[in-house]
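Student: Please take a close look at the charged side chains in this model. I want the pairings, with cut-offs.

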Amino acid sequence: MPDPKESISIENVVASTGIGQELDLQSVAMDLEGADYDPEQFPGLVYRTQNPKSAALIFRSGKIVCTGAKSTDAVHESLDLVFDELRDLHIQVEDDPEIIVQNIVSSADLSHDLNLNAIAIGLGLENIEYEPEQFPGLVYRLDDPEVVALLFGSGKLVITGGKKVEDAERAVDVIVERLGDLGLLE
């Protein structure tokens with residue numbers, strides 16, 4: 001069996017930061033080329049970076065959420081671009097604002113079809129949610145690492161809630177070990 005950890009791919013990294021001051025988003029939107037601001041649809045200004053590809057959600061409070069990046073490095077690069085754009089608009093941004101990773105969404109492949117009914121029974125109802133008529137995946141809440149894994153009959157996984165890249169690797173190890181112990185990875 002190929003090592004499922006080698007199939008792990010980061011799909012999205014969400015991080016937050018702030019510039020410590022309130023912003024006039026209408027004014028910023030007019031001066032920041034490519035910014036989208038429609039307060040009736042969404043309370044923040046959306047500024048997309050192309051390289052690396054991400055979206056920065058900038059709020060009146062000065063808080064900024066970066067989403068859509070494919071790595072933690074890309075989050076930092078994207079936010080550095082946003083900080084530079086704001087500085088170009090004569091908005092004071094400190095040299096190195098703290099950036100906090102809030103969520104890393106990863107995918108992986110166990111290279112096995114999974115019997116989700118057997119897994120639901122084997123793992124115990126306290127850690128899982130499985131309602132196939134509502135959603136085709138089994139929701140498995142792990143304590144260590146503290147993540148949520150979606151398991152699909154195809155053997156594909158989606159792991160969300162991680163704060164570090166290693167959380168997905170540990171989650172895959174735990175899932176493979178538990179399913180192996182239950183005899184559900186043959």
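Tutor: Exposed means over 50% relative accessible area, buried under 20%, and partly exposed in between (1.4 Å probe, protein chains only). This is a predicted model: local features need pLDDT of at least 70, side-chain atom pairs count only at pLDDT 80 or more, and totals for chains, interfaces and linings use all residues. Residues are numbered from 1 along each chain as its sequence is written, and side-chain values use heavy atoms, with hydrogens and water left out.

Start with Glu22. Its relative accessible area is 55%, so Glu22 is exposed. Glu22 forms a salt bridge with Arg60, with the closest N and O atoms 3.0 Å apart. A salt bridge here is a side-chain nitrogen of Lys or Arg within 4 Å of a carboxyl oxygen of Asp or Glu. The whole structure holds ten salt bridges. Arg60 sits in the loop between β3 (53–58) and β4 (63–69), and Glu22 in the loop between β1 (9–18) and α1 (25–31), so the pair ties together parts 38 residues apart in sequence. Helices (H or I, at least four residues) and strands (E, at least two) are DSSP runs, numbered from the N terminus.

Next, Arg48 and Asp36. Their side chains meet in a salt bridge at 3.1 Å, N to O. Arg48 lies in strand β2 (residues 45–50) and Asp36 in the loop between α1 and β2, so this pair links parts twelve residues apart in sequence. Arg48 is partly exposed at 48%. Asp36 is partly exposed at 42%.

Now helix α2. Asp84 and Arg87 both lie there, three residues apart, about one turn of the helix. Their salt bridge spans 2.9 Å, N to O.
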